[in-house]
Amino acid sequence: MVEVNGREVKFKYSVGAGIELARLCPEGDITNLMAYLNDSEAGRRAENRMRFVCILSLMGEKAAAFEAPGYKPTPLTYDEVASLTLEEFAEIFNAAIDAYGRDTHRTVRAIPSKKTEAGE
């Protein structure tokens with residue numbers, strides 16, 4: 001769990017996050033997300049990562065509101081993220097990256113074996 005300004009921050013890579021991030025990626029292609037997050041120019045890289053954090057925070061908060069009616073979403077704002085120290089920002093960026101990895105994790109289901117008793 002990550003806290004910012006005394007509140008727990010929720011992150012989620014959802015369909016909505018994918019749409020918003022694709023709009024920011026080179027050529028509007030979400031497969032360019034890592035290139036977007038690792039821009040070679042330091043200022044753009046920091047800004048891109050701030051936007052990534054804000055989008056995943058917004059979607060995490062929206063999801064929490066759907067899961068718990070009455071929950072008031074409080075996503076991180078760009079200005080709030082900009083006010084963090086480098087250490088605090090690294091912590092929330094890593095948490096957002098972890099959520100991205102968690103939410104894009106694909107599982108492969110094994111197909112049951114068709115072996116017969118004689119062939120085993």
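# Reading the terms in this predicted model

Q: Why is N5 called exposed?
A: N5 has 58% relative accessibility. Exposed means over 50% relative accessible area, buried under 20%, and partly exposed in between, with a 1.4 Å probe and protein chains only, so N5 counts as exposed.

Q: What kind of model is this, and which residues count for local features?
A: This is a predicted model, in which local features need pLDDT of at least 70 and side-chain atom pairs count only at pLDDT 80 or more, while totals for chains, interfaces and linings use all residues. Residues are numbered from 1 along each chain as its sequence is written, and side-chain values use heavy atoms, with hydrogens and water left out.

Q: Where is N5, and what is its phi?
A: N5 sits in the loop between β1 (2–4) and β2. Its phi is near 50°, a positive value in a residue other than glycine.

Q: What makes E27 count as exposed?
A: The relative accessibility of E27 is 80%, and therefore E27 falls in the exposed class. E27 belongs to the loop between α1 (15–24) and α2 (33–37). Phi of E27 is positive too, near 60°, and E27 is a residue other than glycine.

Q: How many helices and strands are there, and in which pattern?
A: The chain has 5 helices and 2 strands. In sequence order the pattern is β-β-α-α-α-α-α. The names follow DSSP runs numbered from the N terminus: helices are H or I runs of at least four residues, and strands are E runs of at least two.

Q: Why does L33 count as buried?
A: L33 has 1% relative accessibility, so it is in the buried class. L33 is placed in helix α2.

Q: Which residues is L33 in contact with, leaving aside neighbours within four places in sequence?
A: L33 is in contact with L21, C25, F52 and Y100. Contact means heavy atoms within 4.5 Å. L33 and A22 are 11 residues apart along the chain, and their C-alpha atoms are separated by 7.5 Å.

Q: Are C25 and C54 buried or exposed, and why?
A: C25 is buried because its relative accessibility is 5%. C54 has a relative accessible area of 13%, so C54 is buried as well.

Q: How many disulfides does the structure hold?
A: It holds 0 disulfides. A disulfide is a pair of cysteine sulfur atoms within 2.5 Å.

Q: Why is E20 called partly exposed?
A: The relative accessibility of E20 is 32%, so E20 counts as partly exposed. E20 lies in helix α1. With neighbours within four places in sequence left aside, E20 is in contact with I55 and M59. From E20 to I55 the C-alpha distance is 7.3 Å, across 35 residues in sequence.

Q: What makes A90 partly exposed, and where does A90 lie?
A: A90 has a relative accessible area of 34%, and therefore A90 is partly exposed. A90 is part of helix α5. A90 and R49 are 41 residues apart in sequence, with 9.8 Å between their C-alpha atoms.

Q: Why can a space be called a pocket?
A: On a 1 Å grid over the protein atoms alone, a pocket is an open set of points with protein on both sides within 12 Å along at least five of seven lines, whereas a cavity is a set where a 1.4 Å probe fits but cannot get out. A lining residue has an atom within 4 Å of a point.

Q: Which residues line the largest pocket?
A: The lining consists of M1, V2, E8, V9, K10, F11, A95, D98, A99 and R102. Two or more of these residues come from each of β2 (7–9) and α5 (86–104). The largest share, 4 residues, is from α5.

Q: How many residues of the lining of the largest pocket are nonpolar, polar or charged?
A: There are 6 nonpolar, no polar and 4 charged residues. Ala, Val, Leu, Ile, Met, Phe, Trp, Tyr, Cys and Pro count as nonpolar, Asp, Glu, Lys and Arg as charged, and the others, Gly among them, as polar.

Q: What share of the chain is buried?
A: Of the 120 residues in the chain, 32% are buried.
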